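Dear colleague,

Please find the structure below, handed over for your study. My notes on selected residues follow it.

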Amino acid sequence: MESKDIRENFLVFFENKNHLRLKSASLIPQDPTLLFTSAGMVPLKAYYLSEEEPPGKRIATVQKCLRTNDIDNVGYTARHHTFFEMLGNFSIGDYFKEEAIPWAYQYVTEVLNLPKDRLWISVYKDDLESKEIWKKVGIVPEKIILLGEEDNFWKMGAVGPCGPCSEIYFDRGIKKPGEEKQLPGDDGERFLEFWNLVFTQFDRQANGELKPLPKRNIDTGLGLERVTSIIEGVETDFETDLFLPIIKKIEDISREKYGINEKKDRSFRIIADHIRAISFLIAEGLVPTNEKRGYVLRRLIRRSALFGRGLDLEEAFLHRIVPVVVDSLNTFYPELSENKDKIISNVKNEEERFNLTLNGGFEYFKDQCKKIEASGGKEFSADAAFYLYDTLGFPIELTKLLLKEHDLNFNNEKFDEYLEEQRERARKAFSGGKSFTERVNLVKVKEEVGITDFIGYDVFLSKVKVKGILKNGNLVSSVSEGKEISVILDKTPFYAEKGGQAGDKGIIKNEKFIFIVENTETPISDLIMHTGKIKSGSIKVGDTVEASVNSERRHAIMRAHTSVHILQGVLRSFFGENIGQQGSAVYPDEFRFDFNFTGKMNDEMFGKIEREINDIIMNGIPVCVKEMTFDEANKSGALAFFGDKYGDTVRVVDIAGISKEFCGGTHVSDTGDIHCVVLTSFRSVASGIKRIEGFSGKKAYQAILGKGRILKKIARILSVDEKSVPDRMEEIFAENKELKRELHQFKLKGIESALDDIILITEKDGISFYFKEFHSVSFAELRKALDMARKKLKRGVVLFSSIEADKVLLLVGKLADENVSSIEIFNKVSPLLNGRGGGNERLAQGSGTARISVEDLKEKL
């Protein structure tokens, strides 16, 4: 049994328990508080918290997961990983322990066929109910270990949903002295925990009281890498079929052998682990950057490249491993093959770029090590570590890894002091011109060219002077046509991207050149950079120029920004002052607004919010902007949200009776200038955080016209007037539902009638084997056919197939208690199907591409 079989038979097992199979969610979660999806339940959190309606109360998934909190342990242990797969079955207010525990035991012993005498169980010390259920399914009491809250009690936070958990361990046997005394939960390698069952049944109060939840939930996590190592009987996860093809490819590239030298084996393991994570992250749209998720991706690539040096791989090699990752995982994760070229390109570019950094850093590191060795010391100076980091661009994580490899120490506190001093000069990450300023010390740039004054709240066109030009990260005196640059002015009407508001676009020109501004950013305070391309002529420092903002675009942004303020004011008036901004983005006549909210939003309430916003717009309320001290603004009742930083003097935007906020952005002078707003969506983006998106101004008007045209077209198709469309649609849906019901009943009658022609294939050991082929019948309907056959035939084994457009379904089921195994029969005939599946003694099912004949079945059976 391979890892791919385990994925599929797990899902099939729980489908047979009426679970809905869901595809793996993205590694990039909707929850903005999380960098990555780190567990199988993360994508389902909104369902557990009753924030969204689940597609089913029983769900089964194989979820892609990524964790980096233990990245330094990867490669040094048998089972630490960054990317891993978590198999899980979930109950959302449906079944509980009485079903979850027996099902887990059944899957482990009957599907995976793990020896029962090798299984041990841990339960929470006060959860005697779970202990009794484990005893009832067949675990002897001495193999049920009671553990405390630290090991066997799950909680979402200090307060909120929580509950005991129970873990299944596999006894790997006594292989070292002292292991005979080990128990599950102890440090050591004898017992391998591979499945955790979480019983969410309490709501922890602030005083510590555990109140029973009105709806109890099940959340389980079965580690694919761990259980595969058990099934395949190997010492570590890295010897399983999940990693071995990758390791063999690294052997081919490096001409080294895995399993001979522990230090080199560590490099094999780290590279094999990281390349899987790298491939999935790029497939999901990430690129290496210096911030957040992009930085994690960059770190994984660079860490892999560094450990490649331990295998004498000094040229870019990681991209050559990507095809093996794609081939080994593509069947279950087609996004890998769909993005194969993009993954290879990004990995190769980043590794080649990093090799340039590594070469200089390695030479300096080696020189320092020689000096330390000559002196007989063990201390690598913080000055040298900071020089590697600050001057040579050598990541401190890699320096620490090298120091660990060379058994050297360094003063981390001193390094942090240097780093804190440098942070004042560090630039913020910003888009557009980022590639041209990545290596520049922007503080020094500002010292040389001076600050930029923003004059654009009311001015869109101004005569200004060019103070600096950045090309490829360097200050230059002049640049000619066709070049991409960043221009710094003494003052500017261009608003720089910040606070969620998009940066301005426009034109900077004089009689000698035209420069198209594609974005405006402020990477550090008071330094505003206009990024774009010279359309014609040449620009030089000292030029007097005309800076012209695209005023139509700016006005559209202003309409959207003021709309966000009104939206927040309306939400607070409807739901209370506890509503607060958690993030926003403002584009030309388009916006999104994130806010804390734990209730539910129906269509009626959503429409009411939209109507209230438009009433405020039509009332034409003045939008007043005042500058005042921070303390004065606070005392006036102005709101500040989402961790924004403010200076001593702040701008306050006041829409009388509606909204009063700290805000440095640009706004209309009257709510009537917005014209209208259309709210387009409401959804959850994290636990307790909702998002509203919408249009303002021209885009709102276009959206209304678009909806009107659609309504007219629907009315014409339905041959009714526009007002009657909703009623007619409800009638059609009701008719359609009834037709589907009648069709289903008709189909079941057809299946029942078809069973009159069921074929007796053979009889063996007193057991009759029957076969019937259907067309366009689902697994659920095949199971109905099985129930009918049990009433009709009483005893025997049936094999039902269904011919679909692009696949063939096969179901094997016992009619009574025949002394045969459905899964064994399925496995015996599945080569005829050219497919795969799973199941148990009583029922098995799967799919393939080949049609099965009676003659072939008879020969197999």
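**Findings**

Asp589 sits in the loop that joins β20 to β21 (590-596). Helices (H or I, at least four residues) and strands (E, at least two) are DSSP runs, numbered from the N terminus. Please note that this is a predicted model, in which local features need pLDDT of at least 70, side-chain atom pairs count only at pLDDT 80 or more, and totals for chains, interfaces and linings use all residues. Residues are numbered from 1 along each chain as its sequence is written, and side-chain values use heavy atoms, with hydrogens and water left out.

Asp589 has a positive phi of about 55°, although it is not a glycine. Is Asp589 buried or exposed? Its relative accessible area is 3%, so Asp589 is buried. Here buried means under 20% relative accessible area, exposed means over 50%, and partly exposed lies in between (1.4 Å probe, protein chains only). The accessible areas themselves come from the Shrake-Rupley method with a 1.4 Å probe, and for residues only the protein chains shown count as cover.

Lys794 is another residue other than glycine with a positive phi, in this case near 70°. Lys794 belongs to the loop between α23 (779-793) and β29 (797-803), and it counts as exposed because its relative accessibility is 55%.

Ser584 is part of strand β20 (residues 581-587). With a relative accessible area of 17%, Ser584 is buried. Apart from neighbours within four places in sequence, Ser584 is in contact (heavy atoms within 4.5 Å) with Gly499, Gly500, Arg592 and Phe593.

Phe410 lies in the loop between α14 (396-405) and α15 (412-423). Phe410 is also buried, at a relative accessible area of 16%. Leaving aside neighbours within four places in sequence, its contacts include Glu379, Phe380, Ala382 and Lys400. Between Phe410 and Ala382 the C-alpha to C-alpha distance is 6.0 Å, while 28 residues separate them in sequence.

**Charged residues**

How many salt bridges does the structure hold? There are 44 salt bridges, a salt bridge being a side-chain nitrogen of Lys or Arg within 4 Å of a carboxyl oxygen of Asp or Glu. One of them joins Asp237 to Arg79, with the closest N and O atoms 2.8 Å apart. This pair links distant parts of the chain, 158 residues apart: Asp237 is in the loop between α6 (224-232) and α7 (244-254), and Arg79 is in the loop between β2 (58-66) and β3 (83-92). Both Asp237 and Arg79 are buried.

Glu189 and Lys176 also meet through their side chains in a salt bridge (3.5 Å, N to O). Each lies in the loop between β7 (160-171) and β8 (191-204), so the pair ties together parts that are 13 residues apart in sequence. Glu189 counts as partly exposed at 48% relative accessibility, and Lys176 counts as partly exposed at 45%.

Finally, Asp312, Glu314, Glu315 and Glu352 form a negative surface patch. Patches are made of residues with over 30% relative accessible area and no salt bridge; like charges are joined within 9 Å, and nonpolar side chains (Val, Leu, Ile, Met, Phe, Trp, Tyr) within 5 Å. Asp and Glu count as negative and Lys and Arg as positive, while His and the chain ends are not counted. The place of a charge is taken as NZ of Lys, CZ of Arg, CG of Asp or CD of Glu.

With kind regards
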